[in-house]
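Hi,

Here is the structure I said I would pass on. Have a look at it first, and then read my notes below.

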Amino acid sequence: MGNSDETEVSPPLAESEAAAQGASAKEEPPASAEVTLNIVYKKQKLQVQAALDGTVETLKKQLHPLIEVPPSMQKVMIRGLARDDKTLRQLGVTSGAKVMVVGSTLNDVLSVAKPDTKAAKDEAKTEEAEKEKLCDMKQHKKIIDKGKPDDVMPGKKNVNEPLPPTPLSGMLNRTGGKVRLTFKLECDQLWIGTKERTEKVSMSSVKAVVSEPITGHEEYHIMGVQLGPTDASRYWLYWVPAQYVAAIKDTVLGKWQYF
């Protein structure tokens, strides 16, 4: 009888397992848990509560009214670019995590796409001016009327050929001086050479290339290479062999652009 008082009684096995499972359950956040996220968008810093099992797409919708960026235009960075179908739990997000958001508001997009009033007026004037044929414009006519240079390369109308391996030479510029074009594809440059100097132009900086057959000499073109943001920056070339016009545009602008 005396020994029975000192005997320790172990808890039933079922109770021990239940206790262990309860302790393990506390380590995992419940399915309905929320986490606090520190959102960084441009210069804004926001704190939002987000569902741990919510997707990145859901988070984007939650951020839309706060940062005014549509979900489709948002990029959420959580250890790299986060996919829309991933949940915050799958991405290993914990409370207090920093989340970067990149994107443009609709106002930002529209302000870039919409030209200012002055630019719109200038563009309208240019379009009006270009209704007149280039050959008939005084600034071009005075060069064309000097006649075809003796050393100009032979021209072919209604034919497209790749650029020759040698520079295009024998053409004239707006001052009537001789000019040649050299295409340095290895460094993405167009070299415009005259007797006095050679201007090395990055092809990626060329905004547009316009051309028109010379009346009465359709095997040659007038060509304007736009080197700056406005039409006034066009470098004019005269007596460009017609068979190379398409190749010049493709080489300088890329085949995805059409002018």
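A word on patches to begin with: they are made of residues with over 30% relative accessible area and no salt bridge, where like charges are joined within 9 Å and nonpolar side chains (Val, Leu, Ile, Met, Phe, Trp, Tyr) within 5 Å. A salt bridge is a side-chain nitrogen of Lys or Arg within 4 Å of a carboxyl oxygen of Asp or Glu. Accessible areas come from the Shrake-Rupley method with a 1.4 Å probe, and for residues only the protein chains shown count as cover.

This is a predicted model, so local features need pLDDT of at least 70 and side-chain atom pairs count only at pLDDT 80 or more, while totals for chains, interfaces and linings use all residues. Residues are numbered from 1 along each chain as its sequence is written, and side-chain values use heavy atoms, with hydrogens and water left out.

Now the patch itself: M77, L81, M100 and V102 make up a nonpolar one on the surface, with about 340 Å² of accessible area together. M100 sits in strand 4 (residues 97-102); strands (E, at least two residues) are DSSP runs, numbered from the N terminus. M100 is partly exposed at 36% relative accessibility, as buried means under 20%, exposed over 50% and partly exposed in between (1.4 Å probe, protein chains only).

G224, in strand 10 (residues 217-226), is buried at 1%. Beyond four places in sequence, G224 is in contact (heavy atoms within 4.5 Å) with A208, V209, V210, Y235 and W236.

T194 is buried too, at 12%, and its contacts beyond four places include Y235.

Cheers

Methods. Helices (H or I, at least four residues) and strands (E, at least two) are DSSP runs, numbered from the N terminus.
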